[in-house]
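I opened my notebook to look up a few side chains. I wanted to see where they sit and what they meet.

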Amino acid sequence: MPGSMSLFSVNAVLLMSADDGSRIFAKYYSPPHPPAGAAPNSTDYPGANPYPTVKEQKAFEQGLLEKTNKQTSDVILYDNRIVVFKMESDVMLYVVGSADENEVLLYNVVLSLRDALGILFKGATDKRTIVENYDLVALAIDEIIDDGIILETDPVLISSRVSRAPQADAPNLKSIDLSEQGLLNAWELGKRRLAEGLRQM
């Protein structure tokens with residue numbers, strides 16, 4: 001009998017500085033519903049987060065950065081996990097999945113993250129931009145992955161859901177005349193419009 005089917009496919013999303021190895025963004029996932037028979041807070045079932053503490057996470061991240069720093073491929077097996085990654089300026093983007101996960105699916109996730117950030121930041125995806133726009137990065141990752149389940153991989157759709165309203169839509173307060181004459185003109189315009197509206201009734 002085949003194992004239970006699950007949509008859970010991502011164990012972690014990491015954004016790390018390639019320069020100093022510091023963590024910029026890290027989000028680890030565990031399946032929302034552990035399999036039947038698994039003890040509560042257990043980490044020994046398939047898909048469970050094997051790095052529950054920050055110390056273990058940072059050790060994993062440092063080892064991962066050392067392993068991928070000189071790699072030419074974008075997919076590796078590290079610590080019995082499939083890791084797909086992309087280098088973008090001075091930032092390493094990682095998506096971590098279990099050893100039996102589909103590499104192409106995980107690779108599409110890291111590509112969609114890279115492309116969505118490129119659209120949001122107009123091609124300037126670097127550490128400084130990510131830190132300054134941390135809210136957009138977190139929202140983009142939440143649009144792509146929810147509790148380890150991949151929701152969306154279209155970077156245009158992701159960036160449109162995440163991006164801020166264009167500045168052109170905001171009212172231009174510099175062109176409003178707030179002098180006494182400007183206020184009198186606005187008052188007269190309002191009176192005329194009200195009178196026209198009442199005449200039409």
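My entries follow, one topic at a time.

**Ground rules**

I am working with a predicted model, where local features need pLDDT of at least 70, side-chain atom pairs count only at pLDDT 80 or more, and totals for chains, interfaces and linings use all residues. Residues are numbered from 1 along each chain as its sequence is written, and side-chain values use heavy atoms, with hydrogens and water left out.

**Entry 1: T68**

I looked up T68 and found it in helix 1, residues 54-68. Helices here are DSSP runs (H or I, at least four residues) and strands are too (E, at least two), numbered from the N terminus. Is T68 buried or exposed? T68 is buried, because its relative accessible area is 1%. Buried means under 20% relative accessible area, exposed over 50%, and partly exposed in between (1.4 Å probe, protein chains only).

I then listed what T68 touches: I76, F85, M92 and Y94, leaving out residues up to four places away in sequence. Contact means heavy atoms within 4.5 Å. With Y94, the T68 side chain also makes a polar contact of 2.5 Å, side chain to side chain. A polar contact is a pair of N or O atoms within 3.5 Å; within protein, one must be able to donate a hydrogen and the other to accept it, and residues adjacent in sequence count only if both atoms are side-chain atoms.

**Entry 2: salt bridges**

How many salt bridges are there? I noted 8. The rule asks for a side-chain nitrogen of Lys or Arg within 4 Å of a carboxyl oxygen of Asp or Glu.

I checked K27 and D142, whose side chains form a salt bridge at 2.8 Å, N to O. K27 lies in strand 2 (residues 23-28) and D142 in helix 4 (residues 134-144), so the pair ties together parts 115 residues apart in sequence. K27 is partly exposed at 27% relative accessibility. D142 is partly exposed at 35%.

Next came K86 and D74, which meet in a salt bridge at 2.9 Å, N to O. K86 is in strand 4 (residues 81-88) and D74 in the loop between helix 1 and strand 3 (75-78), so this pair ties together parts 12 residues apart in sequence. K86 counts as buried at 14%, whereas D74 is partly exposed at 22%.

My last pair was E188 and K191, a salt bridge with its closest N and O atoms 3.6 Å apart.
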